[in-house]
2 protein chains.
Amino acid sequence: MIFSSKAEYGVRLMIELGRQSPEHPTSLKAIADAEGLPLAYLEQVVARLRKAGLVMSARGAHGGYWLARPAEDIAMHEVVQALEGAIAPMECFVHDHTQRVLCSHEPDAGRGCATKLLWTRVQAGIVRSLQTTTLAELVEFSHRTDRVPDTPAGAQAPVVSATAVGAQAPAA
Amino acid sequence: MIFSSKAEYGVRLMIELGRQSPEHPTSLKAIADAEGLPLAYLEQVVARLRKAGLVMSARGAHGGYWLARPAEDIAMHEVVQALEGAIAPMECFVHDHTQRVLCSHEPDAGRGCATKLLWTRVQAGIVRSLQTTTLAELVEFSHRTDRVPDTPAGAQAPVVSATAVGAQAPAA
DNA sequence: GGCATAACCAACCGCAGTGGTAGGATATGG
DNA sequence: CCATATCCTACCACTGCGGTTGGTTATGCC
C-alpha cells in the first residue's frame, strides 16, 4: 500500500469540512461519528493538517475546525503531503531545500543509478495526479454520490468520472 | 516511502541482466558484487522475478539468470508488480478478476467514498508511468551514464531526461 | 463559578511487515 | 568428487502503523 490510513482519514476529514459551511466550526466528534473513525486518532491526523495551515481551529465549547482556504484553492497534493510527509517513491530520494530530487546512494557523480530515472517518472506521475485534483472536486463528487443513490449510468458523472475512474475501470 | 528495497534491488538486478548478453547466464554473486547487495537477500528477490516469468535460470556450475524476453518487451510495470505485488494506493483497493478497482469499505452501493476518486487517479498516474517505461530504456540510460562521466548539461539526454527527470527538477 | 464541551498534547502498546541472516538441499560442470 | 550456484525454509531484530490512555487547557452557557 502506498498511502497509510492517515491519508485516507485526513482526506475524508477535509472533504467533510468542505461539505460544511465555514461559518460555524465542525467538531471532530461530529466527523468521527459521521465517518465511523476513532476520535483520538483523528486528533493526531488533524494536527498535521493544522500545522500545515490547511485548517483552522477554535477551542472550547462549540469549537471545532474549518478550512483555512476555499476548497477550490486546495490542491490534494498539499493535503497528502501534510499527512504523509514528502512523496518519495524510494528511500534514497531526499529533497533538499531547492525542491530538487536527488539520489543519495552512489554519491560519486560519475555513475548515477539508472533506477533514479524510473522512480522520478513514478513520482512525477503521482505528483501530477495529486496537483491536478482539488478538494472542491472531491467535495462535489461526494455531494453527487449521496444525492443520487440509483445510478442512471449515462447522464451522470460527465467530467470527473470520465477522466478519473474511467481511466482505470473502463467498463464500470 | 512508496516502494520497498525489494523493488530497488530487483530493478537493479533486471538492469544488470539487461546489460549482459543472454547467451551465458549471469550468477547472482556477480550481480551482488557489482551492486554491493547481500547475496542471500537477492535470492529472495530474484525468486519473485522468476515466478513471474521475467527471468530464467540454470542451476549448477556456470549457472545463473538471464532475461526471459528482450528488454524492449519488458514494461517496468511487470517488474515492479512482480516485486511489490499489486500496485494499490490504499488498503481498501482490491482488484477482482476483471481488473477493475473497487473500494471495499462502504459496501452499500449508495454512498461511495469520494476518496476513491483521488486514489484512482493516483494509481492511474503510477501505472501509466510504469507501463510507458521499458527495461531497455533503463539499460540504455545506465550505459550512457557510465560512459559519459562529465555531463555537458545541454547536448546530453535529449528525450529521456526531458520527459522524466526534467518534469520533477525544472532547473537542474 | 461551575460544568460540559472540545481542542491540544505526550506517552504508550500490540502487531505486521521489512530487511536480512542461517543453514541446508539440489543440480551441474570439470 | 568437489566447487559452483540455484533453490528453499525458517528465523530474527527492528521499525512504523493504527490506535488507546490519560491528561491539560480554553471557551460557551446556565
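Helices (H or I, at least four residues) and strands (E, at least two) are taken here as DSSP runs, numbered from the N terminus. On that basis, chain A has eight helices and four strands. Read from the N terminus, their order is α-α-α-β-β-α-β-β-α-α-α-α.

A word on provenance. This is a predicted model, in which local features need pLDDT of at least 70 and side-chain atom pairs count only at pLDDT 80 or more, while totals for chains, interfaces and linings use all residues. Residues are numbered from 1 along each chain as its sequence is written, and chains are lettered from A and ligands numbered from 1 in the order in which they are written.

I turn to packing. A residue is called buried if 20 or more other C-beta atoms, placed from the backbone, lie within 10 Å of its own. In chain A, 36% of the 172 residues are buried. Helix α5(A) is mostly covered, with 14 of its 17 residues buried.

Now to DNA strand C. Near means that the C-beta atom, placed from the backbone, lies within 6 Å of the strand. Of the 23 residues around DNA strand C, those that come nearest are B:Ser4, B:Ser5, B:Pro38, B:Gly60 and B:Ala61. Elements that each supply at least two residues of this surface include α2 (28–35) and β2 (64–67) of chain A and α1 (5–19) of chain B. The largest share, three residues, comes from α3(A).

Methods: A residue is buried if 20 or more other C-beta atoms lie within 10 Å of its own, exposed if 12 or fewer, and partly exposed in between; C-beta atoms are placed from the backbone.
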